[in-house]
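Please read it alongside the sequence and the structure shown here.

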Amino acid sequence: MSPVAEIIKRDIKLAARSGGAWSYGLVFMAFFLALCAIALGGKLQTLKDLSIPLIWLSILFASLLSISHIFRQDMEDGTMAQFKLARLSSMTIASAKTLSFALIYLLPLILTTPIWSQFFGLGSAELVGLCLALLIALPAIAIYVAVSGALLCAKQSGGFLAIILTAPLLIPTLIFGIAAAQNFSDAGIAAMEFRILAGLSFISIAIGLPASAAALSANLEG
Amino acid sequence: MDAQTSYPMLTTPFKGVSLQASGLSAVRGDKTLFENVSLRIDTPELIWVIGPNGIGKTTLLRICAGLLRPDTGHLQWQINGAAVSAADCISFQPPQGFAKRGLTLAEDFAFWSRINGLKQISDAALDATNLSAHKHTFTQNLSTGQKQRLGLSRLLADQKPIWILDEPMAGLDTSGRAQTAHIIQSHIARGGIALIASHNPASIDNTPARRLTLGTPQ
């Protein structure tokens, strides 16, 4: 098995034994959406109109919550240094850790979206559009959050800095993600916003992954 | 302990191993940790790096392992007279080892064997460090000595000729120290090199050893 698959397998095993750390994002999402529903007065029509942006925001915020889980523990306990001595490139480490972050922390958020959408009375076409948009944007969300994680993994604090660093990168994804989900019932998957969203994800792979790798290298040698 | 000599894999000799460092210095913030440290190890030998806390022993070790860039100076590692990269020749063990919380000893050992590209998971290394009975213990429940031995078992399995160990004897009792000393002795005996930081260097029988003292004029 390749080192990338080995690291992902190990991370999934560790997450399953971590006492539920992987589910904090889900809990946050549930609270955030429940509080939004209360704050907006609980009118079903208002909630339905706002459900797509609210679910998008809850997923982005929940993903930012997990920033410190991506690289920090491996950095602190010496695992990163050993990866380097095992001839793994920073790019391999960054790819593996970003993938396991996407699988462990982000995918559960997207998979539970149908449940939340029921509370907001979202139609089935909008729900399909929302899930598709989230899945297409998944690489961009995971990679940009990982860039901040890699930059800050050698620092004890820096959560606030992470949000400032990541938010501007995620704004285009948020704008086109919401628009794609909303236009799905009219134009389907061929909607221009879906193509732009896919483009944003590809750009994140081309730019974000090498940036994470460079940040990891710099922090390792620091 | 005798298990170690009964596995040929753990006794195949290393040849032509050397570590050469010249003019190394390291600066942290506005403090110079050490300046112009030179070191040449080209025969099987054990070097103790000694000096008070905070003098830069760990930094020197990490530089020699290729994990940190020195502020000045040059490093070269060789096998059979040919220059190689750090990853080709170096095993590095930090003070507390690097066992991952949440994995069992066997899982942690197997993970690193696969990451290091070893063809098979070698039980010989676990036998040689008397850890076979603890395979299913979670690493966070291992004692200090067992964690240190898990680190050593990975060094044995990894088969790299240069060992760089940071305080491998800290927190060990007499028998633990003897066991660690025996493993290090066997490594030197097969032609390897060990660079070890310690506050309390042990005398290891039949093993050529030198001391590098940081914090005093070289």
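A residue counts as buried under 20% relative accessible area, as exposed over 50%, and as partly exposed in between. By that scale B:Arg114, with a relative accessible area of 34%, is partly exposed. The model is a predicted one.

**Build of chain B**
- Chain B holds six helices and nine strands, and its radius of gyration of 17 Å is close to the 17 Å that the globule rule gives for 218 residues, so chain B is as compact as a globular protein of that length.
- Buried residues account for 55% of the 218 residues in chain B, and of the contacts between residues at least 6 apart in sequence, 70% join residues at least 24 apart.

**Salt bridges between chains**
- A:Glu6 and B:Arg114 form a salt bridge through their side chains at 2.8 Å, N to O; because A:Glu6 belongs to helix α1 of chain A and B:Arg114 to helix α3 of chain B, the pair joins two chains.
- A:Glu6 is buried, at a relative accessible area of 2%.
- A second salt bridge, at 2.5 Å, N to O, pairs A:Asp74 with B:Lys100, running from helix α4 of chain A to the loop between β6 and α3 of chain B, and both residues are buried.

**A salt bridge within chain B**
- B:Glu45 and B:Arg210 meet in a salt bridge at 2.8 Å, N to O, which links strand β3 to strand β9 across 165 residues.
- B:Glu45 is buried, with a relative accessible area of 10%, whereas B:Arg210 is partly exposed at 35%.

Note on methods
Residues numbered from 1 in each chain as written. Chains lettered and ligands numbered in written order. Predicted model: local features only at pLDDT ≥ 70, side-chain atom pairs only at ≥ 80, totals over all residues. Heavy atoms only, no water. Helix = DSSP H or I, 4+ residues; strand = E, 2+ residues; numbered from the N terminus. Rg over C-alpha atoms; globule rule 2.2 N^0.38 Å. Buried < 20%, exposed > 50% of the residue type's maximum accessible area, 1.4 Å probe, protein only. Contact = heavy atoms within 4.5 Å. Salt bridge = Lys/Arg side-chain N within 4 Å of Asp/Glu carboxyl O.
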